[in-house]
Amino acid sequence: MKNKDVNSGVSLFGQSEYLMENDPIEEIFALNLGDFISEHLISEDLARKISSNVKDKKEGLKNQLSELISIYSLKNTLCVLNFDTKEDYAIYTSIAHSICRMLEIEKCNIYLSYEFTKGIENDKDLVLVGTTLKSLKCKGFNLDENSIVSVSYREQDTITENNVTAISMHCNSKNVGVIVLESPSKIQKEYLNLVESIANLFATSMTLQGEIDRTNKLIEDENSSVSDLQHERAELTALIGDLCDYQQEFVENLANAVDAKGQYKVSHSKNTANLARQICRELGLNEKTTDLIYYAGLLQNIGKITLSEKIFATNGKLSPEDLKKIQNHSNIGVNLLMNINFLSEVVPYINYQKERVDGSGEPEGLKGQSIPLGSRIIAAADAYSAMTSDRPYRKAMPQEKALSIMKEEAGKKWDIDVVNALEKSLK
């Protein structure tokens, strides 16, 4: 790529002037990486490393693959919620408990295909690796059985029979395992979609880990060919693309589940996120910052996912204990997000959304410009969305009245520039 074209690429990789010659896939690879890899993981230094000027094409491909697998590993890509330990199988049990807590159901078991269960002695095709039960007689299933677990695995589908729901964990044509939920009542669609997105993240992460293992062997093999390395690069980038898609799907489904738990009649999280994005555009913020603030808008009430629906259903006065739980949901949400590694960058925006520009807010009493801009944007978007939406205990406020209230409090509770941008975005 010539110097005059360096600034015309769509990503850091696409802007490199050191792309290997005579390889048309190289430019595609460069552009795809910009789309596939979460931008916050990429620095200019890393971009230069991946596309460094090397004379040996084979060595260059190995360098690219090494940089990719240094970022994408099972620990760095797997969705985590309440993990207490790094031991693999304790992780699956922790996720099973997290799912039960979020969905308020009785039981959750996680089964993996035998090929993914290193270190477990079992003669079954599907092996139990995580459970909310202290003891379980059935430790696995065979694929030739007609159990709901085996059928879900074979058909790559979500199946419900009586009080049991089996959710397939698969990535394209690769079967990984099954998540099994037991509930005396029907599971809401929003919660089911959330577990399905968790299953997709698991399956893609584990498939990617297997691909990373194969990539490492190719890198170490002196006899590996250029075509083998190029093929492996294509497989890796395709899986990374799938992973990023499933991460976005997970965020959106998590937000929808939070709204369902909070018993919003419309998607409050989605409305808040969309308003925040409109404000960002009015303020002329760049695409990356806008995306992060949009995600923060979706997830600003994530802590509610751990609370009981009964708290939100009451029309009367809350008990001191329940009131404390609701008031503390932001802290719970921040802790959850810190454990979902690919969302860690949105944490500051959410952590400081209850600050006030006059310095009288929480948690640290930050004032004016010391409050992150993303937090100020989410605070205004959240307030407007809440005031103009029906709630279990009141009707929606007219838009004009909501804006009037916010303009009166601008400079005290909300940022004046943000409120003005909100008003312009609504016209």
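User: Which cysteine has 0% relative accessibility, and how is that value to be read?

Analyst: Buried means under 20% relative accessible area, exposed over 50%, and partly exposed in between (1.4 Å probe, protein chains only). Cys280 has a relative accessibility of 0% and therefore counts as buried. Cys171, at 3%, is likewise classed as buried. Please note that this is a predicted model, in which local features need pLDDT of at least 70 and side-chain atom pairs count only at pLDDT 80 or more, whereas totals for chains, interfaces and linings use all residues. Residues are numbered from 1 along each chain as its sequence is written, and side-chain values use heavy atoms, leaving out hydrogens and water.

User: Where does Ser152 lie, and which residues does Ser152 touch?

Analyst: Helices (H or I, at least four residues) and strands (E, at least two) are DSSP runs, numbered from the N terminus. Ser152 belongs to helix 6, which covers residues 148-155. Its relative accessibility is 0%, so Ser152 counts as buried. Contact means heavy atoms within 4.5 Å. Leaving aside residues up to four places away in sequence, Ser152 touches Asp157, Ile159, Ala166, Ile167, Ser168 and Val178.

User: What do these terms show for the protein chain?

Analyst: The protein chain has 17 helices and six strands. Of its 427 residues, 49% are buried. Among contacts with a separation of 6 or more, 60% join residues 24 or more positions apart.
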